[in-house]
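Hi,

Here is the structure I promised to pass on.

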Amino acid sequence: MPAHSLPEPALPGENESGLTMRDYFAAAALNALLSTPRAETKDELRARYAEVAYAYADAMLVARSSGLT
């Protein structure tokens, strides 16, 4: 597993079993994905949206760790 996907507390005082920075970024990306109206709302797209949200989260973590932000 890449170092950027290891649990990192998103909020001060959280332990590793709580929300990670990756989870936080994925939730933000998922919110954006779901806020755009689409014709497709079938169940099979739910898993795809989750995959895409975490792909965005991973990209944000890489940018954050490489000083691109």
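Predicted model: local features only at pLDDT ≥ 70, side-chain atom pairs only at ≥ 80, totals over all residues.

Let me start with E51, which is partly exposed, as its relative accessible area is 49% (buried means under 20%, exposed over 50%, and partly exposed in between, with a 1.4 Å probe and protein chains only).

Residues are numbered from 1 along each chain as its sequence is written, and side-chain values use heavy atoms, leaving out hydrogens and water.

Y49 is also in helix α2, but it is buried, with a relative accessible area of 16%. Y49 and L30 are 19 residues apart in sequence and 6.9 Å apart in space, C-alpha to C-alpha.

Overall, the protein chain has 2 helices and 0 strands (DSSP runs numbered from the N terminus: H or I of at least four residues for helices, E of at least two for strands). Of its 69 residues, 20% count as buried.

Now the packing. Helix α1 (residues 21–35) and helix α2 (residues 44–65) pack at about 125°, with axes 8 Å apart; axes are lines fitted to C-alpha atoms, for helices over the stretch in contact, and angles run from 0 to 180 degrees between N-to-C directions. The two are therefore oblique to each other (under 35 degrees is roughly parallel, over 145 roughly antiparallel, 65 to 115 roughly perpendicular, and the rest oblique).

Which residues make the contact? On α1 they include F25, A29, L30 and L33, and on α2 they include Y49, A53, Y56 and M60, where contact means heavy atoms within 4.5 Å. By class, the contact has 15 nonpolar, no polar and 4 charged residues (Ala, Val, Leu, Ile, Met, Phe, Trp, Tyr, Cys and Pro count as nonpolar, Asp, Glu, Lys and Arg as charged, the others, Gly among them, as polar).

Cheers
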